[in-house]
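These are my notebook entries on one protein structure. I set down what I looked up, topic by topic.

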Amino acid sequence: MELDEFRRGLDGWLDAHADELAPPYEGAGALDEQVAQISKVKRLTFDAGWMRWGWPDRVGGFGGSTLLRAYLGEALTTRELVEPGIASLTEVLAPTMIDYARPELAAVMVPRLLCGEENWCQGFSEPGTGSNLGSLTCRAVRADGGWRVTGQKVWTSLAQFADRCVLLTRTGTVESAHRGITALFVDMDAPGITVRPIGSMHGVDEFCEVFFDDVAVPEDRTLGDEGQGWAVAMDILPYERSTALWQRGAYLHRRLEELIAAAPPGAIDAGALGEVTQLVYAFRARSRATQHRLASGGQLGAETSIDKVMLATAEQALFDLVADAMPLQLAVADDPVDRRWRSEYLYSRAATIYGGSAEIQRNIIARRLLGLGDDR
Ligand SMILES: Cc1cc2nc3c(=O)[nH]c(=O)nc-3n(C[C@H](O)[C@H](O)[C@H](O)COP(=O)(O)OP(=O)(O)OC[C@H]3O[C@@H](n4cnc5c(N)ncnc54)[C@H](O)[C@@H]3O)c2cc1C
């Protein structure tokens with residue numbers, strides 16, 4: 001199906017099913033409500049076929065350009081049917097599952113993610129390992145028929161709702177650094193896993209500590225080969241830093257329009273508004289180019305750090321403008337819409353951390369794209 005035809009068909013279908021698709025809450029909703037809403041929207045759009053376009057048929061898709069699924073994410077976000085950050089996890093994790101899981105495993109699991117039957121999480125960061133992922137210590141040792149995993153992850157978004165986890169484990173020596181890492185696809189209800197949500201300042205307790213105590217993982221849940229976990233991580237991160245952010249660009253655009261409508265007359269500084277508008281549009285232009293590169297068969301790599309820096313810069317500048325234009329609503333007002341502005345302002349501070357911090361992205365740009373400094 002061509003993009004124009006998809007757009008027209010999808011927009012008409014979303015109009016016709018607006019009541020059925022609408023969230024049952026006002027404002028942002030609580031986290032469990034947001035997760036349930038995304039599952040509902042995925043199920044409805046999967047059953048109607050829209051969610052299947054842009055994914056290969058070997059994982060239950062209808063094929064077609066990846067631009068089709070990008071437009072679906074944009075349309076659902078613009079209509080406020082899904083929370084863009086949580087919804088984008090599918091774009092982060094599914095492409096790598098398709099590339100690295102055994103074909104039989106991907107064929108069973110990916111459709112469950114697409115249709116909203118399951119949620120997955122990403123177990124990379126640890127208490128002593130974030131930016132320096134190559135030093136992770138959560139250990140997997142060989143056991144009968146697979147692996148036994150012991151260790152801890154942290155900042156694992158939505159682990160409390162997840163059915164599966166894409167988990168990075170240490171299988172070589174610590175000295176083997178990124179060469180001694182293996183990626184596993186773990187059932188979150190396996191005996192020995194404990195999940196503890198962490199309180200967040202914006203009031204949405206999105207991420208968790210996850211503890212693994214001698215957890216059995218079958219051999220056929222290894223993603224790629226033993227020792228290939230770094231390649232799996234390097235496959236996921238470019239999606240997380242670029243194509244998964246396309247719908248976030250649509251969300252920023254919508255919030256920019258809402259700010260202009262909601263701010264008291266004269267409250268927005270015209271120069272600052274011009275600056276933020278430029279940042280939001282520049283990000284969308286960059287993100288559009290990345291989507292087209294993926295759609296035409298290009299590989300995503302280090303250049304996606306530019307997308308991530310631009311997204312974080314635009315998001316924080318936009319919500320700084322919200323804080324300047326509506327300081328009282330942001331600080332103390334308590335209706336659902338103002339609470340949402342406040343929560344989103346606070347969450348925007350995380351944009352320079354998640355998916356790899358802004359400093360790390362700038363290091364990648366400097367070393368790998370511009371050839372500056374020492375990359376040994
Ligand atoms: C909202 C949110 C959701 C997240 N979800 C997940 C998830 O689902 N799964 C997951 O695995 N992780 C997740 N994370 C964790 C995230 O990936 C890490 O926080 C991030 O990679 C930074 O690692 P760190 O927190 O250990 O900070 P550190 O690596 O300790 O960095 C601390 C500071 O030092 C700077 N720094 C570190 N090294 C360098 C360097 N070499 N050069 C210059 N500056 C440097 C960093 O930029 C940062 O400012 C999430 C984080 C957030 C905020």
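**Entry 1: Domains**

I began with the division of the protein chain, which comprises domain 1 (3-118), domain 2 (121-228) and domain 3 (241-369). I note here that the model is a predicted one.

I then looked up the separation of domain 2 and domain 3, and found that their centres, taken over C-alpha atoms, are 29 Å apart. Five residues from domain 2 and six residues from domain 3 take part in the contact.

The size of an interface is often expressed as the accessible area that is lost when the parts come together.

I next sorted the side of domain 2 that touches domain 3 by class, and recorded two nonpolar, two polar and one charged residues.

How many salt bridges are counted between domain 2 and domain 3? The count is zero. For polar contacts, I recorded two residue pairs across this interface, both at pLDDT 80 or more.

**Entry 2: Strand 7 and its partners**

I turned to strand 7, which covers residues 207-218. Strand 7 pairs with strand 3 (residues 146-157) in the antiparallel sense, over nine bridges. In this pairing I found serine 157 opposite phenylalanine 207 of strand 7.

Strand 7 also pairs with strand 6 (residues 193-197), again in the antiparallel sense, over five bridges. Here isoleucine 193 stands opposite phenylalanine 212 of strand 7.

**Entry 3: Arginine 342**

Where does arginine 342 lie? I located arginine 342 in helix 13, which spans residues 336-348.

I then listed the residues that arginine 342 touches, leaving out those up to four places away in sequence: Gln329, Leu330, Ala331, Val332, Ala333 and Asp334. For one of them I looked up a distance: a polar atom of the arginine 342 side chain lies 3.5 Å from the backbone oxygen of alanine 331.

Finally, I compared arginine 342 with leucine 256. The two residues are 86 residues apart in sequence, and their C-alpha atoms are 15 Å apart in space.

Notes
Residues numbered from 1 in each chain as written. Predicted model: local features only at pLDDT ≥ 70, side-chain atom pairs only at ≥ 80, totals over all residues. Heavy atoms only, no water. Pairing = 2+ DSSP bridges. Helix = DSSP H or I, 4+ residues; strand = E, 2+ residues; numbered from the N terminus. Domains from an automatic or database assignment. Contact = heavy atoms within 4.5 Å. Salt bridge = Lys/Arg side-chain N within 4 Å of Asp/Glu carboxyl O. Polar contact = N/O pair within 3.5 Å; in protein donor to acceptor, adjacent residues only side chain to side chain. Nonpolar A, V, L, I, M, F, W, Y, C, P; charged D, E, K, R; others polar.
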